[in-house]
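Good morning, colleagues. Please turn to the structure on the screen, which I shall present from the overall fold down to a single residue.

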Amino acid sequence: MPSRSGAQLSRKLGQKKQRPLTAEQPQSPPNGAHIPFPKEPRLEPPKTLVPQRSIYFSSPKGHPARLGSDFFDQPAVLLAQAFLGQVLVRRLDGGTELRGRIVETEAYLGPEDEAAHSRGGRQTPRNRGMFMKPGTLYVYLIYGMYFCMNVSSQGDGACVLLRALEPLGGMDTMRQLRSAHRKGSARALKDRELCSGPSKLCQALAIDKSFDQRDLAKDEAVWLEQGPPEPREPAVVAAARVGIGHAGEWVQKPLRFYIRGSPWVSVVDRVAEQGTQA
């Protein structure tokens, strides 16, 4: 990730706007196109919200209420940081609940961001979830076989990619779901390998394209709960995003965030960690 952790980042403000759908375009930046860097205002801390009980869902006894729509209604950079430490819950058809604490995210800032699927304001049937209200899931397929799960934020075409979880509950089921996608008699997966990557966590939670455009604040099969209190505030590393080599100058922007020292993170950036206070 980026060599400049702690750099001030741009913010995209304003409500989501709907745009006419256009035909699917190639996911690569236009030849010769150059999108200037946005101004980098001083960021305020991400929102800390009290969990809300939804009329659409009652939390099981012993678990906190789900986080409501207000939590997601903040710019992508702040939302990406606010996700860290919160608990993602997936309820399977049989009632089994899988839980994981979010430890790694990436922010995508919308039309100005050359690495975003919405770069240049492009809206297609595939990425429509990025332009819907904050808290809407954007699930897409990569390499023809793996899924990645994003959550729309405040700002037109902006979202947050969920990159890694610390498994908290239902690990045997997660392991079975992950093994179903592996060929042959592969070795048993270690706990830290279950959700250490965006496609891995989708496999472990049985997230597929059917979850695209669902509302994370209201859905009954997947939701977000406030994470357990920590003895002290964890150190957050800001580093470059992973796998966006085509994005020009945006490649080095510190828009990936992870909890320092977590063994569940997908990729550790030692250079970025040097500038992070423990």
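How many helices and how many strands does the protein have? There are five helices and eight strands, taken as DSSP runs numbered from the N terminus, with H or I over at least four residues for helices and E over at least two for strands. This is a predicted model, in which local features need pLDDT of at least 70, side-chain atom pairs count only at pLDDT 80 or more, and totals for chains, interfaces and linings use all residues. Residues are numbered from 1 along each chain as its sequence is written, and side-chain values use heavy atoms, leaving out hydrogens and water.

Along the sequence, the elements follow the pattern α-α-β-β-β-β-β-α-α-β-β-β-α. Of the 278 residues, 52% are buried, that is, under 20% relative accessible area with a 1.4 Å probe, counting protein chains only.

Let us now consider one residue. D113 is located in the loop that runs between strand 2 (97-108) and strand 3 (137-142). Is D113 buried or exposed? D113 is buried, its relative accessible area being 0%.

Which residues does D113 touch, leaving aside those up to four places away in sequence? They are A107, Y108, R119, R241, W250 and L255, where contact means heavy atoms within 4.5 Å. With W250, 137 residues away along the chain, the C-alpha separation is 7.0 Å. With R241, the side chain of D113 forms a polar contact, side chain to side chain, at 2.7 Å; such a contact is a pair of N or O atoms within 3.5 Å, and within protein one must be able to donate a hydrogen and the other to accept it, while residues adjacent in sequence count only if both atoms are side-chain atoms.

Definitions and conventions: Buried < 20%, exposed > 50% of the residue type's maximum accessible area, 1.4 Å probe, protein only.
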